[in-house]
Amino acid sequence: MLGNIGIPGLILILIVALIVFGPSKLPEIGKAFGNSLREFKNATQGIVNDKENKSEDKNS
């Protein structure tokens with residue numbers, strides 16, 4: 001889905017976000033998004049590791 005956006009689409013989205021949120025709020029939103037993405041990544045890695053550990057326990 002995101003592969004169809006392209007560079008012009010990303011620039012348009014950035015301009016709209018800049019207009020809607022303003023230049024002072026945009027870095028805060030980016031930081032919050034990055035933190036949320038990091039938490040999601042860590043949580044999914046934990047789930048995958050739990051699954052791998054359970055499958056290893058069953059094979060033993």
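Modeller: One cut-off before we dig in: a residue is called buried under 20% relative accessible area, exposed over 50%, and partly exposed in between. L10, with 47% relative accessibility, is therefore partly exposed. Keep in mind that this is a predicted model.

L10 belongs to helix α1, so let's stay with that helix, which runs over residues 6-21. The UniProt entry, an unreviewed one, puts a "transmembrane region" at residues 6-23. In the model that annotated span is 89% helix and 0% strand, and its end C-alpha atoms are 23 Å apart. Just past the end of α1 comes G22, with a positive phi of about 85°.

Now for the surface. L10 is one of the residues in a nonpolar patch of about 680 Å², together with I5, I7, I11, I13, I15 and I19. Of its 60 residues, 5% count as buried.

Further along the chain, there's a charged pair to look at. Side chains of opposite charge can pair when their charged atoms come close. Here K25 and E28 form a salt bridge, with 3.5 Å between the closest N and O atoms, and the count for the model is 1 salt bridge. K25 has 41% relative accessibility, so it counts as partly exposed; E28, at 48%, is therefore partly exposed too.

As for the overall fold, the protein has 2 helices and 0 strands.

Technical notes
Residues numbered from 1 in each chain as written. Predicted model: local features only at pLDDT ≥ 70, side-chain atom pairs only at ≥ 80, totals over all residues. Heavy atoms only, no water. UniProt positions renumbered as here; feature names shortened; annotations may be inferred. Helix = DSSP H or I, 4+ residues; strand = E, 2+ residues; numbered from the N terminus. Expected span 1.5 Å × (residues − 1). Salt bridge = Lys/Arg side-chain N within 4 Å of Asp/Glu carboxyl O. Buried < 20%, exposed > 50% of the residue type's maximum accessible area, 1.4 Å probe, protein only. Patch = residues over 30% accessible without salt bridge, like charges linked within 9 Å, V, L, I, M, F, W, Y side chains within 5 Å. Areas by Shrake-Rupley, 256 points an atom, 1.4 Å probe, with all protein chains shown as cover.
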